[in-house]
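Me: Can we go through this one together? I'd like to start with the overall fold and then look at the aromatic rings.

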Amino acid sequence: MNQGFLTTHVLDTYSGKPGRNIKVELYYISKNVKKINTIRLNKHGRSEKPLIKGKKFIKGQYELVFYVSNYFNKITKLTKPPFLDTVSIKFGVANSDQHYHIPLLVSPWSYTTYRGS
């Protein structure tokens, strides 16, 4: 019984606030790359619902793409081109029955991620 799902959130480490309204795309990577979902993060910098869940959430390679320069351009003046335009996180799902949570801590010049809970 597959009940796993994927969620994400963004923390803006530049201003110390949630990354609200950041566009995020989810892809499944096999022989071809397939876009699964596109969302906007809520005012808390979180996905309102799982990006993928249940039987659609299968074992394999995924990629999350965060459109961070659009967000930071509203806060501060970025160089052209910006140092970080998008942040791509490629990760593997070995057990699709589990909850995978992928946080992104980001500034206009750096980022880090981990498997959260």
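Reply: A definition to begin with: the radius of gyration is taken over C-alpha atoms, and the globule rule is 2.2 Å times the number of residues to the power 0.38. Bear in mind that this is a predicted model.

Me: OK, what does that rule give for the 117 residues here?

Reply: A compact globule with 117 residues would have a radius of gyration near 13 Å, and the protein chain has 14 Å, which agrees. Along its principal axes, the C-alpha trace spans about 50 × 30 × 20 Å.

Me: What about Phe57 and Tyr100?

Reply: Phe57 and Tyr100 form an edge-to-face pair, with 5.9 Å from centre to centre and 75° between the planes. This pair links distant parts of the chain, since Phe57 sits in the loop between β5 (52-53) and β6 (60-66) while Tyr100 belongs to strand β8 (residues 99-106), 43 residues apart.

Me: Are those two buried or exposed?

Reply: Phe57 is buried, with a relative accessible area of 0%, and Tyr100 counts as buried at 5% relative accessibility.

Me: Which residues do the ring pairs link into a cluster?

Reply: The cluster consists of Tyr28, Phe57, Tyr62, Phe91 and Tyr100.

Note on methods. Residues are numbered from 1 along each chain as its sequence is written. This is a predicted model: local features need pLDDT of at least 70, side-chain atom pairs count only at pLDDT 80 or more; totals for chains, interfaces and linings use all residues. Side-chain values use heavy atoms; hydrogens and water are left out. Rings of Phe, Tyr and Trp (its six-membered ring) pair if their centres lie within 6.5 Å; planes under 30 degrees apart count as stacked, over 60 as edge-to-face and the rest as tilted. Helices (H or I, at least four residues) and strands (E, at least two) are DSSP runs, numbered from the N terminus. Buried means under 20% relative accessible area, exposed over 50%, partly exposed in between (1.4 Å probe, protein chains only).
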